[in-house]
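Hi everyone, thanks for making time this morning. I'd like to walk you through one model, so let me put it on the screen.

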Amino acid sequence: MSDAAATLPVSADTDRRIDALLTKYPRRASALLPALYAVQEEHGWVSEDAMDYVAAKIGVSAAFVAGVVSFYTMYHRKPVGQHHIQVCRTLSCMLRGSRQVMGRLKERLGIDVGGVTPDGRFSIQYVECLGACDTAPCAQVNDEDVPHLDPAKVDAMLARLK
Amino acid sequence: MAYEKLLLKNVGRENSHTLDVSLKAGGYQALRKALSGMTPDALLEEVKASGLRGRGGAGFPTGMKWSFLPKTKDKPRYLCINADESEPGTFKDRLLIERDPHLVLEGIILSSFAIDCHTAFFYIRGEFQKGCRIFDQAIAEAYAKGFLGKNILGSGYDLDVLTYRGAGAYICGEETALLESLEGKRGLPRIKPPFPAIVGLYGCPTIINNVETLANVPFIVERGAAWYAGIGRPKNTGPKLFCLSGHVKNPGVFEAPLGIPFLELLNEHAGGMLHPDRPLKAAVPGGSSMKILPANRCDVLLDFDSLAAAGTMLGSAGGMVMDSSTCIVGALLNLAEFYEHESCGQCTPCREGTGWFTKILHRLETGHGRREDPDLLLDVARRVEGNTICPFGEAVAWPVQSYVTEFKSEFDDHVTKGACPFGGAAVQG
C-alpha cells in the first residue's frame, strides 16, 4: 500500500478507524468483520478494491477476505438502494402476512426481490428471521426496525422515506 | 401465589436501558455483594447449586460448564456472550439487550469474575443494530461508574467487555462458529472435542453463554441458590422468558417460572388465538428447530425435561403458534428455505439435504408432488441427522421428521389433489 493516501479506496477517516480496530482485539484478525463494516458505512457496499485494501490492512489474502464477505449476508457485494428494505420471510412473519407486504413493495416500486429502483433510492430483499416475531410481519430499513407492517403501512412507510 | 417478575422487572420502566434507572431499581447490588466478600469459587458453587441451565437452547447446566475450564491458568480465559439470537421464533434476548442491558452486563461481570476471565466478548447478531448501540452505551456507562475496567469497585478485579457484531449468519449462534466469526473468519463450526472450555477463542479456554442465562446470575448471587432453586420445577429451576408468536392475539415475551403449562402461556399471557373462529392446529414450543406438537398434544409443561418427555425440546423457548388456516407443508417449506439458506455448507449431508428438502417441499406445495415424497423427506432427514459436525443437522431434520410424521395425511392430500388445499400461499413470490 505505498502511495496509499492518493489511492486509498476509503477516506482518511475510515482508514484511521480501521487502524484503531487493528489493536482493539487480542488478535489483529478479529478486526476483519468490523473493518468491512467501516468500509460499507462509507460506500454503502464492499467493492473488490475495498476487499483488497482491507486484506492488506489486516494482513490476509484478498481471497480470504472475499470468502468472509460472501459468507455473511450483511455485506453488500453490489450497491443497494439508499433505503434498503429487508422484509422478514421466516415462519412467524409469513403466518402474519409477510408475502403481502413484499407483494405491495414490488408493486409500488416496480422492482423484483433483490432489485434496486433505477433512481437508486430503494432496494428490496427478503431477510431471514429478524428476531422480532412479536412485531410480525416486520422489516428493516437500513438500521431501523419497522414493526407490524401490512400493505397500507407499506404505502405510509414509502411516503415517509421519500 | 403471584409470581414476582425478575428478568423483566425493569423493562416496563421509562429509560430502563440507562444506568440511572438500573441503579434506582437495585442494579449492581449483586456485583457489590460478590466483589466485597465472595470468592470466584464460591460464586461458581452458588450457580451450580442454583440448578441454572443454559437458556440458549441445549439446557446444559451453567455451573458445570464453567467447571470444565482447566485448573491451570497459563493462558487467558475468555467469556463469550452469545447474543446471536437467530433461531426463528426467538426474540427474548433482544428484549433484555434493548431494555435492560445493565442486568445483562451485571450478569456478565459476575460470571467473568467466577471463571477468572478478564476479557469478555459480547457477540451480537449484525441485524441488532439498535441493541448494539444500546449495549455499547451501557458498557460506557459501566466503565464511567467503575463497574468495568481496572480494579472494579476497589476489589482488584479487572474486566473489559467488547462488543462484536456478527454480519448475518444463523450458524454463528452455534458456539464454535461464533468463535470462528470472532476470529475474523467464515462461521464454520469446529469439530468437538476439543470443547471450547479447553480450546476456544484464539486457542484459549473459553466459556460461551447465552444472554438470558447470564441475566439470571445477579439474582442467584443476591438472593442465594436455595431461593433460586425454589422457582420452577426440580432440575428445571428459575425464571424463564417464553416467546410466543404466530397466530396469537398478543405476541410477545412472557416471564414465568420454568414449567408453566403451554396452554396457560397461550391463553392467559398471549391472549389466546388470533381469530376466534380458527382453532389451534399445532405449535412449536421451542424455536423452529424443535419438533412440532399437534393441538391435541399441546397440553404440556414448558420446561426442559417435560418437553423432552413429550418428544420435543424447550430449545430457545421461541414458541410459534399455527391456527387451522395453516398449511403444514407450506410452513415446513418456509423453514426448509431458511435452513437451506443458512447451512454453512461445510458438511455434505446438511448442504445437500437442505436443498433436497426445499426442492421436494416446493413441488408438493405447488401441486407437483409424488406419492413417495413424504417418505423421501424422512429418508433424507435420516441421512442428515447425526451426520454433521454441528447440531444444525438435527435442527433441520427434527422439524422435517415431525411435520411429516404428525401431519402425514396433509402431505398425502397435496399429492392426491395435485394442489395445496390451503391455496399454496407459502410459495415465495
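Let's begin at A:Asp145: setting aside neighbours within four places in sequence, this residue is in contact with A:Ala132, A:Cys138, A:Gln140 and B:Lys130. So that list includes a residue of chain B. Please keep in mind that we are looking at a predicted model.

Where does A:Asp145 sit in chain A? Its place is in strand β4, which covers residues 144-146.

Now for the two chains together. On the chain A side, 36 residues are in contact with 48 residues of chain B. Elements of chain A that give two or more residues to this side are α3 (32-43), α5 (62-71), α6 (91-95) and α7 (98-109). By type, the chain A side divides into 21 nonpolar, 8 polar and 7 charged residues.

Let's finish with chain B, which has 17 helices and 13 strands. Its radius of gyration is 22 Å, close to the 22 Å that the globule rule gives for 429 residues, so chain B is as compact as a globular protein of that length. Its C-alpha atoms fill a box of roughly 75 × 50 × 35 Å along the principal axes. Of the 429 residues in chain B, 56% are buried. And among its contacts between residues at least 6 apart in sequence, 70% join residues at least 24 apart.

Terms used:
Residues are numbered from 1 along each chain as its sequence is written. Chains are lettered from A and ligands numbered from 1 in the order in which they are written. This is a predicted model: local features need pLDDT of at least 70, side-chain atom pairs count only at pLDDT 80 or more; totals for chains, interfaces and linings use all residues. Two residues are in contact if their C-beta atoms, placed from the backbone, lie within 7 Å. Helices (H or I, at least four residues) and strands (E, at least two) are DSSP runs, numbered from the N terminus. Ala, Val, Leu, Ile, Met, Phe, Trp, Tyr, Cys and Pro count as nonpolar, Asp, Glu, Lys and Arg as charged, and the others, Gly among them, as polar. The radius of gyration is taken over C-alpha atoms; the globule rule is 2.2 Å times the number of residues to the power 0.38. A residue is buried if 20 or more other C-beta atoms lie within 10 Å of its own, exposed if 12 or fewer, and partly exposed in between; C-beta atoms are placed from the backbone.
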